[in-house]
Amino acid sequence: MSSLDEIPVVSGAGAPASRELPLNGALESVLHEVRHALARLVGTGETTKIDLKSMPFGPGDLDRLIAFLGKGEVQASIEALGPTRVQETATAGVWLVDYLNSEAQRLALHLEIAHVPEILRPQPQDLDDAIAVLDARLNRVGGDPPPTS
Amino acid sequence: MAARNATEKTLGESLRERGVSRRGFLKFCAATASMMALPPSMTSTIAAALEQARRPSVIWLSFQECTGCTESLTRSHAPTVEDLILDVISLDYHHTLQAAAGEAAELARVQAMKAHAGDYLVVVDGSLPGPDSNPGYSTVAGHSNYDMLMETVEHAAAVVAVGSCAAFGGLPHASPNPTGAVSVLDVVKHKPVVNVSGCPPIPMVITGVLAHYLIFGRLPELDAYHRPLAFFGQSIHDRCYRRPFYDKGLFAKSFDDEGARLGWCLYQLGCKGPSTYNACATMRWNDGTSWPVEAGHPCLGCAEPSFWDAGGFYQALSVPTSASGMTVLGAGAAGALVGGAVAALAKRRTKAEEARRQPVTVDELEQKL
């Protein structure tokens, strides 16, 4: 029986070529920060967010960084105060989270080093409300009374 | 039960009433952290604080100004985080934006001052004629700028001076300062004053200061010029993407030479980045599209005091700012006789340039167009 390790990880089209692009000092610094954050995630479970919008990038630097990181297998979109696009990079655990407003203008752009990006997880208060909301709906359709926990 | 008025609601309640979900709120907080130059890891802290924050009352006073600061804040192409922040403060008086006019407008200011005494924020854009100047240079509803400012700040929690005119005197203060213009900090000594300088200031910095007050209930940490350190803590030069070219000694020497085309450092074209503290290099302008240095123009140093009188915009920082300065240097180095000769030479050159100058009339310009 084959193990998961034997399944090759396939990056998005163009990613391998883009990894050969020359990197300047600013990009290298960010990538080293990602490397340390990944080590912390593996070692202690600590998540890290890096605000790419606040970086002093030159023209084309951001595109170069995104091309270097490549595309992984997971994409997600959230509709709340405009779209938010989540893209796993070719490096597992490194996510690109792009917060846009309703006019598709960028509000923030984060690199999130985590098992799952925070914005994808249900918020604790929403979970608290979820049981009550579901109970109310079940009562409306005349189902059995829900068991109390 | 009587409905609570707008300033009694928490920000979380206000947003929820507008149909903003908790994920949307989290996104709002992520964008706010980015806007305030805070680390993204503070998003959860900001969410918890904003959830309970109450809408502060803001009174906005405009004095000797060009409305560029208000334009900076409001001229967005689409709803932005800045708009959201503006929606969640209670802007009770702004004579450019408010619908009311005349006595009704002034009444709104007085009512806001009474209703929120001790709690409201005063935002000022523009400098004002000082207490010893002719008040007639700038008045609002028959009141001198000075009287209106002092009356309004009396019961304010704090004052935010927006733009280089309010922060340092700006263009009205430029030599010979005909109106006797002074900054807010020159006359307001008994209240906390935050200077958000820039001509105009970056809109995200203006709202960032308001958001900081909203979130933490206090004003941000300030530098020696009373500017928030989060945005003015580093020089343009230190955060400039062209900095590596400076370190290697690679400079553009004119606006169309090889160095300019290759994106080299603009220091020798007069860039004031090394002596200017602002967030342009990271926050950029026009929804983060670009900023002057990226567009190929040197930084003018507009966020620094007296930037209009700091020598030519296109003179390198290492060049003395005036001919008289050169004369003094010359005299010191080689004696009064040589200094006198240098001064005479400078005078002769100025006269020659004046003689060569060919003024262009408006009619001639229109014919060319």
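**Ground rules**

I worked with a predicted model, where local features need pLDDT of at least 70, side-chain atom pairs count only at pLDDT 80 or more, and totals for chains, interfaces and linings use all residues. Residues are numbered from 1 along each chain as its sequence is written, while chains are lettered from A and ligands numbered from 1 in the order in which they are written.

**Entry 1: the sheet of chain A**

I looked up the strand order. Chain A has an open sheet of 5 strands, ordered β1-β5-β4-β3-β2, with antiparallel pairing. Helices (H or I, at least four residues) and strands (E, at least two) are DSSP runs, numbered from the N terminus. Two strands pair if DSSP finds at least two bridges between them. At the edges I found β1 and β2 (75-79) of chain A, each pairing on one side only. Neighbouring strands are turned by 20° against each other on average, direction ignored. For such angles, axes are lines fitted to C-alpha atoms, for helices over the stretch in contact, and values run from 0 to 180 degrees between N-to-C directions.

**Entry 2: strand β5 of chain A**

I followed β5(A), residues 106-113. Of its 8 residues, 7 are buried, so the strand is largely enclosed by the rest of the structure. Buried means 20 or more other C-beta atoms within 10 Å of a residue's own, exposed means 12 or fewer, and partly exposed is in between, with C-beta atoms placed from the backbone.

I then checked its partners. Strand β1(A), residues 48-51, pairs with β5(A) in the antiparallel sense over 4 bridges. There, A:Lys49 has A:Glu112 as its bridge partner. β4(A), residues 94-100, runs antiparallel to β5(A) and is joined to it by 7 bridges. A:Val97 stands opposite A:His110, and A:Tyr99 stands opposite A:Ala108. β4(A) and β5(A) make a hairpin with 5 residues between them. In that turn, A:Ala104 has a positive phi of about 65°.

Which helix lies across β1, β4 and β5 of chain A? I found α2(A), residues 25-44, running at about 55° to β5(A).

**Entry 3: the sheet of chain B**

I turned to chain B. Its open sheet of 5 strands has the order β2-β1-β3-β7-β9, with parallel pairing. β2 (90-94) and β9 (193-196) of chain B have a single partner strand each, so one side of each lacks a neighbour in the sheet.

**Entry 4: where the chains touch**

I counted contacts (C-beta atoms, placed from the backbone, within 7 Å). 27 residues of chain A are in contact with 28 residues of chain B. On the side of chain A, β1, β5 and α4 (124-140) each supply at least two residues. β5(A) gives the largest share, 4 residues.

I looked for cis peptide bonds. One runs from B:Ser175 to B:Pro176, with omega near 10°. Another runs from B:Cys199 to B:Pro200, with omega near 0°. B:Pro176 is in the loop between α8 (163-168) and β8 (181-182) of chain B.

B:Asn177 lies in the loop between α8 and β8 of chain B. Its phi is near 50°, a positive value in a residue other than glycine. Is B:Asn177 buried or partly exposed? B:Asn177 has 16 C-beta neighbours inside 10 Å, so it counts as partly exposed.

A:Leu81 also has a positive phi, about 55°, and is not a glycine. I placed A:Leu81 in the loop between β2 and β3 (83-88) of chain A. A:Leu81 is buried, because 26 other C-beta atoms lie within 10 Å.

Key
Two residues are in contact if their C-beta atoms, placed from the backbone, lie within 7 Å.
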